[in-house]
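Hi,

Here is the structure I promised to pass on. Have a look at it first, and then read my notes below.

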Amino acid sequence: MTRLRSPCGKFLPGAVRPAIDRFVEKLAFDPFTGCVMWIGGTTAGQGHNVRYGSFWDDGRRWFAHRWAAKHIHGLDIDGLQVDHCCPHGPSTLCIEHLRS
C-alpha cells in the first residue's frame, strides 16, 4: 500500500492506495490487438535489450507481467519464470500471453 498525498504534497494520515488501484492506472486496452498493455514505467530485463513494465509494491520492484500473473490472474509463480509470448511486444499483460 502507498500512502496518499494531499494536493499540496503532504501525506494524508492513515490514507493508503491499494496496489491494485495503482496498477490499473498504468494499463490501457488496445482495441486493435485485444491486449491489455502496460503504459507505466519500465526497466531493463536481466540480459535483455528489451524493457519490461515495472511496478513497486510492498517495498519491492516487480516486473508488471509477474505482478499481474500473481495478483490479478492468481497464478502461483513462486520459483517460476514467467514469460510473455505476445506478438505485439513485451508490454502485454493478457493472461493468454503469459506462460510459466
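Before the surface figure, a word on what it rests on: accessible areas come from the Shrake-Rupley method with a 1.4 Å probe. Please keep in mind that this is a predicted model. On that basis, the chain exposes about 6,500 Å², and carbon and sulfur atoms supply 54% of that area. Buried residues account for 31% of the 100 residues in the chain.

Now the overall layout. There are two helices and nine strands, and along the sequence they follow the pattern β-β-α-β-β-β-β-β-α-β-β. Taking contacts between residues at least 6 apart in sequence, 29% join residues at least 24 apart.

Next, the strands. β3 (residues 27-30) and β4 run antiparallel and are joined by four bridges. Leu-27 stands opposite Trp-38 of β4 in this pair. The two strands form a hairpin with four residues between them, and Gly-34 in the turn has a positive phi of about 80°.

Further along you will find an open sheet of three strands, in the order β5-β6-β7 and with antiparallel pairing. Its edge strands are β5 (42-44) and β7 (60-63), each of which pairs on one side only. On average, neighbouring strands of this sheet are turned by 50° against each other, direction ignored. Strand β6 (residues 51-57) is joined to β7 by four bridges, and Trp-56 stands opposite Arg-61 in β7.

What covers them? After α2 comes Gly-74, which has a positive phi near 70°.

Is His-65 buried or exposed? His-65 counts as buried because its relative accessible area is 5%, and the cut-off for buried is under 20%. The residue sits in helix α2 (residues 64-72). Leaving aside neighbours within four places in sequence, His-65 is in contact with Tyr-52, Val-82, His-84, Leu-93 and Leu-98.

The other is Trp-67. Not counting residues up to four places away in sequence, Trp-67 touches Ala-19, Ile-20, Phe-23, Phe-55, Asp-57, Trp-62 and Ile-72.

Trp-67 also turns up in the largest nonpolar core. This core has 13 residues, and Phe-23, Trp-38, Phe-55 and Trp-67 touch the most other members. The elements that give two or more residues to the core are α1 and α2, and the largest share, four residues, comes from α2. As general background, nonpolar side chains tend to be buried together in soluble globular proteins.

Best wishes

Definitions and conventions:
Residues are numbered from 1 along each chain as its sequence is written. Side-chain values use heavy atoms; hydrogens and water are left out. Buried means under 20% relative accessible area, exposed over 50%, partly exposed in between (1.4 Å probe, protein chains only). Contact means heavy atoms within 4.5 Å. Two strands pair if DSSP finds at least two bridges between them. Axes are lines fitted to C-alpha atoms, for helices over the stretch in contact, and angles run from 0 to 180 degrees between N-to-C directions. A nonpolar core is a set of buried Ala, Val, Leu, Ile, Met, Phe, Trp, Tyr and Cys residues joined through side-chain atoms within 4.5 Å.
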